[in-house]
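Here's a quick tour of two ligand sites and a couple of spots in the protein around them. Have a look at the model first, then read on.

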Amino acid sequence: MGEAPVFHNNDLHASITNGCYLKLKESEAIVVGNKTYVIGGLDDPASNGVRIFDKSTGEWVIPIILGTKPNGFKGHSMMLLNNDRILIIKHNSKSNDCVWFLEVDTRFVQEQKKKFGTEVVSWSKGVIGDAERPIVISGPSGVGKGTLINMLMKEFPTMFGFSVSHTTRAPREKEQSGVHYHFTNRDIMEEDIKAGKFLEFASVHGNLYGTSIEAVEVVADAGKRCILDIDVQGARSVRASSLEAIFIFICPPSFEELEKRLRARGTESEEVIQKRLRNAKAELEQGTSSGLFDHILVNDDLEACYERLKKILGLDGSTDATLKTPTEVFELPMEISLSKIDERIIINSENADQKVVLDLSSMKGGAPGRTRGLRMYPAGLHSDYNTDESV
Ligand SMILES: Nc1nc2c(ncn2[C@@H]2O[C@H](COP(=O)(O)OP(=O)(O)O)[C@@H](O)[C@H]2O)c(=O)[nH]1
Ligand SMILES: Nc1ncnc2c1ncn2[C@@H]1O[C@H](COP(=O)(O)OP(=O)(O)O)[C@@H](O)[C@H]1O
């Protein structure tokens with residue numbers, strides 16, 4: 001990998017080699033096989049920021065760009081990783097918003113290229129540290145899922161965050177949009193599903209419900225563990241996705257008790273209650289016999305069930321799960337260059353004291369969503385960072 005002299009875009013057909021990094025006037029380019037990815041104008045709302053020059057056809061292509069685009073650029077440095085993604089480090093930025101990946105040939109992007117029949121790239125934000133395994137809670141309507149989740153969120157407000165689903169059902173009296181659900185209509189939701197914005201979706205009791213990728217990611221970004229209240233079909237989709245969750249199914253002590261709770265809640269009409277009770281039979285059968293769930297909890301006595309739930313989540317007092325090491329945020333300098341040693345990227349600045357190490361060895365996830373498991377620390381500077389790393 002080397003830096004070429006200033007280039008004019010039309011000269012890109014020149015014989016440049018894989019991984020070659022070109023600094024252009026208002027953009028930067030990187031070569032991946034036969035294609036040159038030109039990335040620039042990211043702060044310009046009129047520009048989509050990415051163009052591809054295909055050496056084999058001699059043509060420019062504007063790709064479909066998925067994921068959340070970074071903003072607030074004051075310059076960036078790039079490096080090709082693994083021939084499938086471009087690492088982009090924003091200059092003069094904070095360590096919690098400086099690492100971005102433009103995926104150009106990862107498995108996800110390859111699938112999207114097939115689906116759309118055109119060039120596709122996808123942004124993924126790099127996140128320092130890991131998110132804890134999300135928790136999927138399923139069970140028939142009225143069994144007490146919402147009640148148990150509320151108890152968890154109330155007792156451990158800094159630890160858990162709720163994945164706010166989208167739904168086409170009408171809001172109940174005390175439900176707020178953006179808190180309990182994102183209430184939407186079918187046309188908009190179907191468009192968003194087509195655009196790949198949903199981790200999973202299902203038709204439940206005659207309405208469409210779904211978890212957007214963003215709903216799960218914002219919870220993890222806040223450093224919280226995500227709780228998903230979704231039906232059995234949704235749980236099956238999440239099981240098949242890359243989200244490594246814990247799956248818990250909640251059962252009523254009896255069908256009669258379920259009916260009693262659903263009526264006592266007083267939120268549904270008689271017709272809707274009947275529909276939910278009919279569906280409950282199949283849900284209970286699938287939930288308890290499919291092997292899909294890691295844990296099955298009977299919600300008989302509420303307090304006892306809550307204690308069992310906490311035990312599953314390691315919150316029964318045996319460890320102080322509320323203690324978390326905060327991730328320190330620091331500034332990256334204005335002028336930087338990148339070098340690579342094995343799985344570590346060294347972010348060099350004019351000032352040698354400001355060398356920073358980005359460790360990619362535990363990197364996981366990626367588009368659509370975030371790339372997590374990154375470690376970042378100033379190289380050999382402070383004793384409270386990992387100072388074994390000498391660069
Ligand atoms: N697949 C899927 N199911 C969901 C989602 N959000 C909620 N559900 C499920 O939809 C069903 C109906 O939810 P809701 O109308 O709020 O009624 P409730 O279960 O009686 O509170 C429940 O089984 C929820 O777990 C979602 O995003 N995806
Ligand atoms: N263990 C329990 N015993 C008695 N009532 C319960 C219990 N758990 C929940 N409830 C009540 O049952 C109703 C349905 O609970 P809810 O949490 O709304 O269920 P879900 O979210 O699964 O539809 C609520 O009125 C709630 O107060």
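## Around ligand 2

A nitrogen atom of ligand 2 sits 2.8 Å from an N or O atom in the side chain of N299. Taken alone, ligand 2 exposes 560 Å², and the protein buries 74% of that; accessible areas come from the Shrake-Rupley method with a 1.4 Å probe, and for residues only the protein chains shown count as cover. The elements giving two or more residues to the ligand 2 shell are α2 (145-155) and α6 (255-265), and α2 makes the largest contribution, three residues. Helices (H or I, at least four residues) and strands (E, at least two) are DSSP runs, numbered from the N terminus.

There are 13 residues around ligand 2, and G142, K145, T147, R265 and N299 come nearest; a residue counts as near if one of its heavy atoms lies within 4 Å.

This is a predicted model: local features need pLDDT of at least 70, side-chain atom pairs count only at pLDDT 80 or more, and totals for chains, interfaces and linings use all residues. Residues are numbered from 1 along each chain as its sequence is written, chains are lettered from A and ligands numbered from 1 in the order in which they are written, and side-chain values use heavy atoms, leaving out hydrogens and water.

## Around ligand 1

What about the other ligand? Ligand 1 is surrounded by 21 residues, with S141, S165, R169, Y181 and Y209 the closest. Here are some oxygen atom distances for both ligands.

| Ligand | Protein atom | Distance |
|---|---|---|
| Ligand 1 | Y181, polar side-chain atom | 2.5 Å |
| Ligand 1 | G210, polar backbone atom | 3.1 Å |
| Ligand 2 | G144, backbone N or O atom | 3.0 Å |
| Ligand 2 | G146, backbone N or O atom | 2.9 Å |
| Ligand 1 | R276, N or O atom in the side chain | 2.8 Å |

On its own ligand 1 exposes 560 Å², of which the protein buries 96%. Strands β16 and β17 each supply at least two residues of its shell. Those two strands, residues 198-204 and 207-212, run antiparallel and are joined by six bridges (strands pair if DSSP finds at least two bridges between them). E200 has T211 in β17 as its bridge partner.

## T371

T371 belongs to strand β25 (residues 370-378). Is T371 buried or exposed? It counts as buried because its relative accessibility is 0%, where buried means under 20%, exposed over 50% and partly exposed in between. The T371 side chain makes a polar contact with the side chain of S124 at 2.7 Å (a pair of N or O atoms within 3.5 Å; within protein, one must be able to donate a hydrogen and the other to accept it, and residues adjacent in sequence count only if both atoms are side-chain atoms).

How values were computed: Buried < 20%, exposed > 50% of the residue type's maximum accessible area, 1.4 Å probe, protein only.
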